[in-house]
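Please keep the sequence and the model in view while reading.

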Amino acid sequence: MDDRQVIVLFGDSLLMDGVEASLADQHELDVIRVDITINNVGQHLQTIAPDLVIFDLDLPFSSQIVPLLREQSGIPFIGLDAQCSEAIALSSQQYTALSANDLVKVIQIQTTTRPAQAVDPHSAPF
């Protein structure tokens, strides 16, 4: 059984170059670069079936991420902002929130399953 995780990197920015180089020594990861401007990027993602998608928040195509989140239910996305040295985790988990009670349930799920911050803010950037 292969326990390798498939990580997709969107874009061709220098930041993604650095992330790819940083992850190259992680033998448990398969890193795949994808051009977000290709046709049918959502279908391409479904074919790859990644465990995680990483993208650069500072590039113009980052506005295309929200539709992808909607299409790719269950795949987590991480947006990187090199200027602020931040990584923003986005969930593509979808919920039906037709009423205030439904919304409260989603809020409870999200606030009780929130991971603790485990990243050292003083560690080296990508």
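The largest nonpolar core has 16 residues, and those touching the most other members are Phe-10, Ile-65, Leu-68 and Phe-77. A nonpolar core is here a set of buried Ala, Val, Leu, Ile, Met, Phe, Trp, Tyr and Cys residues joined through side-chain atoms within 4.5 Å, where buried means under 20% relative accessible area, exposed means over 50%, and partly exposed lies in between, with a 1.4 Å probe and protein chains only. At least two residues of this core come from each of β1, α2 (41-48), β3 (52-56) and α3 (65-71). Helices (H or I, at least four residues) and strands (E, at least two) are DSSP runs, numbered from the N terminus. Ile-7, Met-16, Leu-52 and Leu-80 are among the members of a second, separate core of 10 residues.

The model is predicted, so that local features need pLDDT of at least 70 and side-chain atom pairs count only at pLDDT 80 or more, while totals for chains, interfaces and linings use all residues. Residues are numbered from 1 along each chain as its sequence is written, and side-chain values use heavy atoms, with hydrogens and water left out.

Which residues is Leu-68 in contact with, leaving aside its neighbours within four places in sequence? With contact meaning heavy atoms within 4.5 Å, the partners of Leu-68 are Phe-10, Ile-36, Val-41, Gly-42, Leu-45 and Phe-77.

**The sheet**

Five strands form an open sheet in the order β2-β1-β3-β4-β5, and their pairing is mixed; two strands pair if DSSP finds at least two bridges between them. Because β2 and β5 stand at the edges with a single partner strand each, one side of each is left without a neighbour in the sheet. On average, neighbouring strands of this sheet are turned by 25° against each other, direction ignored; axes are lines fitted to C-alpha atoms, for helices over the stretch in contact, and angles run from 0 to 180 degrees between N-to-C directions.

β1 and β2 run parallel and are joined by six bridges, with Ile-7 standing opposite Val-31 in β2. Strands β4 (residues 77-81) and β5 (residues 86-90), by contrast, run antiparallel and are joined by five bridges, and Asp-81 stands opposite Glu-86 in β5. These two strands, β4 and β5, form a hairpin with four residues between them, and Ser-85 in the turn has a positive phi of about 55°. Helix α2 lies across β1, β2, β3 and β4, and runs at about 160° to β1.

**Salt bridges**

Three salt bridges are found in a search of the whole structure, a salt bridge being a side-chain nitrogen of Lys or Arg within 4 Å of a carboxyl oxygen of Asp or Glu.

| Salt bridge | N to O distance |
|---|---|
| Arg-4 and Asp-30 | 2.2 Å |
| Asp-17 and Arg-33 | 3.1 Å |
| Glu-20 and Arg-33 | 2.7 Å |

Salt bridges that share partners join Asp-17, Glu-20 and Arg-33 into one network. Asp-17, in helix α1 (residues 14-23), is 16 residues apart from Arg-33 in strand β2. Asp-17 is partly exposed at a relative accessible area of 35%, as are Glu-20 at 30% and Arg-33 at 27%.

Arg-4 and Asp-30 meet in a salt bridge; Arg-4 lies in the segment before β1 (5-10) and Asp-30 in strand β2 (residues 29-34), so this pair ties together parts that are 26 residues apart in sequence.
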